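Here is a short report for a reader new to this structure. Look over the sequence and the 3D view, then read on.

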Amino acid sequence: MAAQMKTGEGLVRVEFFGPFREFGHRVDLTVPSEVSFEELVSLLEERVGPGFADRAARRNTTFILDSRIVPPQALGEVRVCPGDRAAFALLVGGG
Amino acid sequence: MKGYTGKYLRVDLTTGDIRTERLPEEVARKYLGGYGFVGWTLYEEVPAGTDPLSPENVVCLWTGPVAGTPVPVSSKYIMGALSPATGFIGFGIASGGIASELKAAGFDGIVVTGKAPSPQYILVQNGRAELRDASDLWGKTTWETEELIREELSDDEVRVSSIGPAGELLSVLANVTNDRNRQVGRSGIGCVMGSKNLKAIAIRGTGDVEVADLDGLMEFSRDLYKRCRGPATEKYRVFGTPANMLVHNRLGCLPSYNFQKGTFEKVEDVSGERMLETMVKKITACPSCPIACDHINEVKEGPWAGTVSSMDYESLELLGPNCGVSDLNAITKAVELCDTLGIDTISAGVTVSWAMEAFERGLLTSEDVDGLDLRFGNGEAMVEAVRRMSLREGNLGALIADGSARAAEKLGKGSEKFAMVNKKLEWGAYSLRPLQTATLGFATSVRGACYLRSGSYQPDVKGTVDRYHLDSSRGKVVFEGENLYAIIDSLIICKFTRGIYKDNTEFTKLIKLVTGFDWSVEEMIKTGERIHNQAKLFNVRFGAKRADDYPPPRAFEEKLYDDVSDGAIIIRAEYDEALSGYYEERRWDEEGIPTKALLEELGLDATLGV
């Protein structure tokens with residue numbers, strides 16, 4: 001039932017929420033093919049500046065790929081493909 | 001008893017009699033505190049057939065064992081009554097200084113019965129209590145009432161829980177406010193107070209609370225304080241709960257236009273990030289809280305300049321995107337009206353959005369809405385609708401003052417289908433169709449449409465289940481969440497701190513250090529199960545059945561299309577299966593009635609069991 005949230009044209013759209021806003025609102029990254037989470041973070045570090053990888057590595061980071069939150073233990077298996085939409089945010093809890 | 005004062009006040013407003021009663025230790029061991037004590041009180045004292053607005057209804061205020069101790073974020077209290085909104089158990093939990101002040105005054109709780117002949121308030125001070133005249137306070141806002149009582153007592157430290165005009169006018173959505181910005185929000189507890197001519201409860205205490213192991217508790221509390229300043233709570237400290245806006249929009253579960261969509265095209269304008277940049281005047285904390293999540297907005301310009309109100313996710317979302325409104329000034333004004341006039345922001349937002357949809361569909365005429373242009377997105381009209389509903393003013397106020405379910409019953413014309421309620425209480429700010437485990441948890445909650453009883457949205461948003469479908473296994477998720485949350489709500493600690501406890505053994509450690517109860521995790525969870533079943537039994541007494549545990553028709557009858565969802569809908573057969581799975585997990589029958597065997601095992605009254 002989830003809509004296809006593809007951006008098209010070989011781009012990955014990455015949005016920044018919460019404290020990640022210090023790196024901008026969003027960027028469109030060109031990726032050659034599918035990349036791992038680590039590779040995505042490295043590409044973003046090059047693009048938005050130093051400090052991003054450190055911020056992303058903190059354990060209260062929530063990574064959203066298309067329309068679901070990726071559990072921290074599953075980040076190693078993530079493959080981000082051209083056309084995907086990703087977001088970095090603070091831990092989602094109650095409230 | 002350690003962690004408890006072992007005493008509570010019983011106030012009969014009809015006779016003016018006030019007595020101190022002993023809290024039996026077996027009750028503390030069986031129900032722990034807070035939520036557990038509300039269920040116990042109501043089940044013991046409110047018989048079947050009671051009219052919620054009659055003197056026979058009871059309104060009670062309870063603390064938990066941790067209130068008044070060094071445990072962080074523990075100054076929380078609960079108020080309960082037979083709800084005039086739902087006809088079932090009603091309760092709400094609020095932070096602020098009331099709980100620690102009551103314990104310091106020497107009481108664990110207050111149980112109020114009867115009806116005062118004229119407006120009165122209860123004053124509790126160090127081991128004694130009295131009724132005082134509140135005639136001059138009647139008609140005042142909650143903020144004015146707090147200030148006037150402090151002036152009257154010449155004591156700036158006195159804590160006050162009060163109702164506003166909405167409670168006096170017997171709106172079933174009326175809440176209770178303390179410390180200006182903290183509310184016992186849901187279930188219409190303010191309406192029950194209004195029906196009893198009880199304007200406020202004022203409390204001042206200077207005593208101590210004895211705990212079982214003070215040295216151990218101090219050491220554990222120091223560790224918990226450090227954790228409260230760590231990564232698990234950063235979201236609350238910096239952005240407050242409005243940080244949820246962009247995330248929920250990204251996940252497609254941010255209700256907009258009366259739950260017709262799960263995304264909002266102007267979400268950036270009402271995000272927590274934008275609010276922090278442009279509106280937040282200061283960030284404050286409750287007593288004993290190192291997190292400080294309370295974000296106070298100030299309107300800086302325009303017709304509402306100078307308006308100040310506390311903003312959380314639910315209020316922002318439901319008075320904002322769910323009404324199609326992207327004007328933070330208007331939302332801040334609407335929250336201020338709710339807080340001062342004494343009405344629940346969740347029910348207010350969902351009720352106004354229902355009226356907006358009815359207006360846009362042509363079911364409400366211009367005359368019905370007093371000439372307001374009540375289309376989605378009109379912030380000024382939203383604010384005026386909130387004011388009118390709080391004061392029962394004009395045709396619109398008369399129609400919507402008691403919420404969307406009753407308004408839809410009056411209007412008819414199919415508007416019942418888009419009244420977003422469960423048990424006649426308005427749904428929280430989580431979209432139904434893309435969060436189907438959450439929907440099961442909300443709809444089965446004893447209070448009605450409740451997002452705070454089980455955390456059942458977590459597996460949905462974390463992707464550990466298929467959130468667009470249901471099956472019988474989801475019942476276990478809700479069951480386990482409810483049992484643990486029953487403990488959290490009985491202790492009572494802030495749910496924002498649940499992430500700082502490493503696992504359930506730390507809750508048993510906390511309980512032992514405070515009360516001396518040496519429980520295993522299994523015993524603690526069993527206590528949570530007992531507390532939940534006691535609340536359910538109260539609902540059974542008032543006729544609860546399977547049909548009460550369903551979400552509103554929109555969930556089953558309209559597909560959801562937005563930027564994330566492509567035709568999402570809840571399949572009724574799947575929901576039926578999940579609901580039966582939940583009942584099975586709970587050992588309830590197919591109508592949701594607990595079995596006698598279960599009730600006997602839990603030490604509860606088995607009379608109503610099957």
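## Confidence and conventions

Chain A has a mean pLDDT of 86, where pLDDT is the predictor's confidence in each residue, from 0 to 100. In chain A, 86% of residues reach 70 or more. Strand β3 (residues 35-36) of chain A has the highest confidence, at 96. Strand β5 (residues 68-70) of chain A has the lowest, at a mean of 86. Helices (H or I, at least four residues) and strands (E, at least two) are DSSP runs, numbered from the N terminus.

This is a predicted model: local features need pLDDT of at least 70, side-chain atom pairs count only at pLDDT 80 or more, and totals for chains, interfaces and linings use all residues. Residues are numbered from 1 along each chain as its sequence is written, while chains are lettered from A and ligands numbered from 1 in the order in which they are written.

## Where the chains meet

Contact here means that two C-beta atoms, placed from the backbone, lie within 7 Å. On that basis, 31 residues of chain B are in contact with 26 residues of chain A. On the chain B side, α8 (234-238), α9 (244-251) and β19 (566-568) each give two or more residues. The largest share, five residues, comes from α9(B).

By class, this side of chain B has 14 nonpolar, nine polar and eight charged residues. Ala, Val, Leu, Ile, Met, Phe, Trp, Tyr, Cys and Pro count as nonpolar, Asp, Glu, Lys and Arg as charged, and the others, Gly among them, as polar.

## Domains of chain B

Chain B is divided into domain 1 (7-204), domain 2 (235-415) and domain 3 (436-550 + 571-602). The bounds come from an automatic or database domain assignment. The centres of domains 1 and 3 of chain B, taken over C-alpha atoms, are 26 Å apart. Their contact takes 33 residues from domain 1 and 28 residues from domain 3.

On the domain 1 side, α1 (25-31), α2 (34-45) and β5 (89-94) of chain B each supply at least two residues. α2(B) gives the most, with seven residues. This side divides into 17 nonpolar, 12 polar and four charged residues.

## An enclosed helix

Helix α14 (residues 379-391) of chain B has 13 residues. From first C-alpha to last it reaches 19 Å, close to the 18 Å expected at 1.5 Å a residue, a span counted as 1.5 Å times one less than the number of residues.

Why is α14(B) largely enclosed by the rest of the structure? Because 10 of its 13 residues are buried (20 or more other C-beta atoms within 10 Å of a residue's own, C-beta atoms being placed from the backbone). Among them are M382(B), E384(B) and R388(B). The cover includes α5 (165-168), α11 (313-319) and α12 (328-341) of chain B, with α13 (345-360) and α15 (394-400) also taking part. Just after α14(B), R392(B) takes a positive phi of about 50 degrees.

Methods: Buried ≥ 20, exposed ≤ 12 C-beta atoms within 10 Å, placed from the backbone.
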